[in-house]
Amino acid sequence: MEVIILPDSDAAAGLVANVIADAVRAKPNLVLGLATGRTMERLYTRLVRLHTEDGVSFANVHTFNLDEYVGLPAEDKHSYRHYMNEHLFDQVDVDLANTHLPNGVADEIDTECADYERRISDCGGIDLQILGIGNTGHIGFNEPLSAMYSRTRAKALTPQTIAQNSPLFDNPEDMPRRAITMGVGTILDARRCILLATGEAKAGIIAEAVEGPVTSMISASAMQLHPKCTVIIDESAATKLKQHEYYRWLFENEPEWESYR
Ligand code: GLP
């Protein structure tokens, strides 16, 4: 795992967008794993700009989102399908048929989850998975005690997650209590992962996930086991990290990041 600290949330989202753009240029049929949440809105604004101003094309890209609420159809404005169409898919040249999210209103949830795993492997696996982090340390909706080997399945949401996300609903009471999410094992199978987190509210959980022990109590700590995971954060989310001087040095000196400085 490596950590990159940038001055603010715009710079952090901009770096993630540039890494995605380079990955798409290098492999036009990239299989891209995507995330939702407020943090990602800045990232998608940047990606749309890279498409409209710099001609980055998503025409042959396949996308797989981490999760979807159980019980919300695609048309529901609170669904993650609606979020993705609005913030990214409708504004770039991706083929909607190549964009995948779990179906939250599937008759048979277990069958839908197994099918989602099959669709990922039929595409050759995820090349680059983008992750956010919830206050419980979840990636996707892998709440505490999610097994490190877990695959796509329905998961009950914690009270903290309901408190974090329900303000996004017109009526907070309407927020579903369950979601379909890729498992921690599904995420660990991606060839490369980038976790983006910004803001002081994330400082505590980032320190636990990055520098604390690997534990199923904090699913994001599983990323310490991943062979190629970059955590990209802003200064406010970095305040509780012990090794921040080292992380700053890495970005300034490692050849891999030269073209992004
Ligand atoms: C939801 C998603 C997570 C995401 C989290 C962060 O819970 N399921 O994948 O990481 O939101 O949300 P925010 O960026 O709004 O803090």
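# Briefing: sheet, helices, pocket and cavity

Five of the five residues of β1 are buried, so this strand is largely enclosed by the rest of the structure. The model is a predicted one. β1 belongs to an open sheet of seven strands with parallel pairing. The largest pocket holds about 630 Å³ of space, and a search of the whole structure finds one cavity of 30 Å³ or more.

- The edge strands are β1 and β5, each of which pairs on one side only.
- β1 pairs with β10 in the parallel sense, over five bridges. Within β10, Thr230 stands opposite Glu2.
- β6 and β9 also run parallel, paired over four bridges. Leu128 has Arg192 of β9 as its bridge partner.

**Antiparallel pairing around β8**

- Strands of a sheet pair through backbone hydrogen bonds, either parallel or antiparallel.
- Strand β8 covers residues 178-181 and pairs with β4 in the antiparallel sense over three bridges. Here Tyr69 has Ala179 of β8 as its bridge partner.
- β8 also pairs with β7, again antiparallel, over four bridges. Ile180 of β8 stands opposite Ala154.

- Helix α7 spans residues 203-211. Its buried residues are Ala203, Ile205, Ile206, Ala207, Ala209 and Val210.
- An α-helix has 3.6 residues a turn, so residues three or four places apart point the same way.
- Helix α3 is mostly covered, with six of its eight residues buried. They are Tyr80, Arg81, Tyr83, Met84, Asn85 and His87.
- The buried residues of α3 pack against the strands β2 (31-34), β3 (62-65), β4 and β5 (99-100). They also pack against helices α2 and α5.

**Largest pocket**

- Rolling a probe the size of a water molecule over the atoms shows where empty space is left.
- The volume of the largest pocket is about 630 Å³. Its lining has 33 residues, and the closest to its centre are Thr36, Gly37, Arg38, Tyr80 and Leu168.
- α2 (38-54), β4 (67-69), α3 (80-87) and α5 (159-165) each supply at least two residues of the lining. α2 gives the most, with five.
- By class, the pocket lining has 12 nonpolar, 14 polar and seven charged residues.
- Tyr80 is among the residues closest to the pocket centre, and it is also one of the buried residues of α3.

**Largest cavity**

- The largest cavity has a volume of about 30 Å³.
- Its lining consists of Leu32, Phe58, Val61, Thr63, Leu88, Phe89, Val92 and Val94.
- By class, seven of these residues are nonpolar, one is polar and none is charged.

- Thr136 is found in the loop between β6 (128-131) and β7 (153-156). With a relative accessible area of 7%, Thr136 counts as buried because the cut-off is under 20%.
- The side chains of Thr136 and Glu143 are joined by a polar contact of 2.7 Å.
- Leaving aside its neighbours within four places in sequence, Thr136 is in contact with Glu143, Pro144, Thr158, Gln160, Thr161, Ile205, Met217 and Ile218. Ile205 is one of the buried residues of α7.
- Thr158 lies in the loop between β7 and α5. Thr158 is buried too, at a relative accessible area of 14%.
- With neighbours within four places in sequence left aside, Thr158 is in contact with Thr136, Glu143 and Pro144. Glu143 and Pro144 are also among the contacts of Thr136.

Key:
Residues are numbered from 1 along each chain as its sequence is written. This is a predicted model: local features need pLDDT of at least 70, side-chain atom pairs count only at pLDDT 80 or more; totals for chains, interfaces and linings use all residues. Side-chain values use heavy atoms; hydrogens and water are left out. On a 1 Å grid over the protein atoms alone, a cavity is a set of points where a 1.4 Å probe fits but cannot get out, and a pocket is an open set with protein on both sides within 12 Å along at least five of seven lines; lining residues have an atom within 4 Å of a point. Grid points are joined across faces, edges and corners, and a volume is the space filled by probe spheres set on the points. Ala, Val, Leu, Ile, Met, Phe, Trp, Tyr, Cys and Pro count as nonpolar, Asp, Glu, Lys and Arg as charged, and the others, Gly among them, as polar. Buried means under 20% relative accessible area, exposed over 50%, partly exposed in between (1.4 Å probe, protein chains only). A polar contact is a pair of N or O atoms within 3.5 Å; within protein, one must be able to donate a hydrogen and the other to accept it, and residues adjacent in sequence count only if both atoms are side-chain atoms. Contact means heavy atoms within 4.5 Å. Two strands pair if DSSP finds at least two bridges between them.
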